[in-house]
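Here is a short briefing on one structure.

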Amino acid sequence: MSVYNTLCFLAAAAMFIAFLNSKIGKMQTTIAITAGAMMLSLGIIIAGQNGWFHLTELASETLSTINFEDFLLKGILGFLLFAGGLGIKLPHLKDQKWEITALALGATLFSTFFIGCALWFICQMIGMQFDLIYCLLFGSLISPTDPIAVLAIVKKLDAPKRISTQIEGESLFNDGFGLVIFVTLFTIAFGSETPTVLGVVELFAQEAIGGIVYGFALGLTFHYFISATNDHSMELLLTICIPTAGYALAEVLHVSGPLAMVVSGIMIGNWTRYIGFSKESEEHLDHFWELVDEFLNGILFLLIGLSMLLFKLHQEDWVLMVIAIPLVLISRYLSVFLSYVGFKRYRSYNSWSVKILTWGGLRGGLALAMAMAIPAGIIVVPEKDIDVREIILVMTYSVVVFSILIQGSTITRLIEKAKQEERER
């Protein structure tokens, strides 16, 4: 079956689960799709092990036709981040610019090294020879909060403005910095040349700063294109060019496509929306991109749930999966708490802010895609043929699933308490 046909059937399955959930479950849509896909995967695995019917191999082969890394990082990510940028209110972003900067840069760096060092120490204690550089690599890909998961779940819960802006803004902007850390550690772990301080600075300038500048130029260009026509359909069609050709060009220019999409989305959503679009387009812009966002998120979260079929878990994997979840949560709490120690010197915050930012710092498909980019074949446990890629991938998957299903479904209570405190002020 072709990749196109596979995606068509997956999209239909995601929409069917969403439809059933709207009639029966009433869960948040992306959580329901992930849970439904995992239940389906588990059913296929159990049925195969008991000899009822054998679909595990067929399902695994079908899923393997889709390159998850390319599908997300070079495909739908541009659409999802552009749609997220459209919904960001610039005045709120300006009010929280220093907090977002500290969380996206400082907290991510702290978390990377805390997770890496703590994981290495734990591996030494349990007798597993897992090199520090691989532990740091896991820390770098799991530390940035995932904008797709955050926007899909947390954004719709109507949290207090400051908290909402911090968690959304951080998740949208920490990709550039997280990518630099990941690529640098990836080069040290698997490359032939050791990166220099100058090389890291140049990479950051090219990817992060270049992405922001390119995103501004892209948004400005399409602002003038949209302003030059009064055709309702053409105005909306022009916005599609940004996450398609615009995102592809960012890859050619070797600048951060994700940051470019966020910046251009903010520009179109806060500037062009009011002075460039016709009245009809202004009314339909959010609805149009909400449908695109829901459709692509459905496929993505279904793939996350079905990814279980691709894993062959060993005892060591289960141990590290159990360790990874609390380790990432502790790291997230410490990075947010220490950031707020500085924030509170200049202004007051809702008392639930640290808890919400900790529990709402979700991980998703981006972390999984980076984990899948790690090359296979570097054996850690020779007697069971367990390699670095397998260990990092299963730890990442456990954190991603926990954050989507458990954190995503329970964050509502914390947000309701924060909203109550806001009303009582």
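The points below take the pockets in turn, then the helix pair. The model is predicted.

**Largest pocket**
- The largest pocket holds about 730 Å³ of space.
- Its lining counts 28 residues, and Leu-73, Leu-179, Glu-207, Tyr-247 and Pro-258 are the closest to its centre.
- Two or more lining residues come from each of α4 (68–86), α9 (161–190), α10 (197–227), α11 (232–253), α12 (257–275) and α16 (365–372).
- Helix α9 gives the largest share of this lining, six residues.
- The lining of the largest pocket splits into 17 nonpolar, five polar and six charged residues.

**Second largest pocket**
- The second largest pocket holds about 530 Å³ of space.
- It is lined by 22 residues, with Leu-93, Ile-100, Thr-101, Phe-173 and Ile-212 nearest its centre.
- The elements giving two or more residues here are α5 (90–95), α6 (97–125), α9, α10 and α12.
- Helix α6 gives the most to this lining, with six residues.
- By class, the second largest pocket is lined by 18 nonpolar, two polar and two charged residues.

**Packing of α7 and α17**
- Helix α7 (residues 132–142) packs with helix α17 (residues 388–424) at an angle of about 35°, and their axes are 11 Å apart.
- The crossing of α7 past α17 is right-handed.
- On the α7 side, the contact is made by Tyr-134, Leu-137, Phe-138, Leu-141 and Ile-142.
- On the α17 side, Val-388, Ile-392, Met-395, Thr-396 and Val-399 take part.
- The contact residues of α7 and α17 comprise nine nonpolar, one polar and no charged.

Key:
Residues numbered from 1 in each chain as written. Predicted model: local features only at pLDDT ≥ 70, side-chain atom pairs only at ≥ 80, totals over all residues. Heavy atoms only, no water. Axes fitted to C-alpha atoms, helices over the stretch in contact; angles between N-to-C directions. Helix = DSSP H or I, 4+ residues; strand = E, 2+ residues; numbered from the N terminus. Left-handed = near helix turned anticlockwise from the far one by under 90°. Contact = heavy atoms within 4.5 Å. Nonpolar A, V, L, I, M, F, W, Y, C, P; charged D, E, K, R; others polar. 1 Å grid on protein atoms, 1.4 Å probe; cavity = no way out; pocket = protein on both sides within 12 Å on 5 of 7 lines; lining within 4 Å. Points joined across faces, edges and corners; volume = space filled by probe spheres on them.
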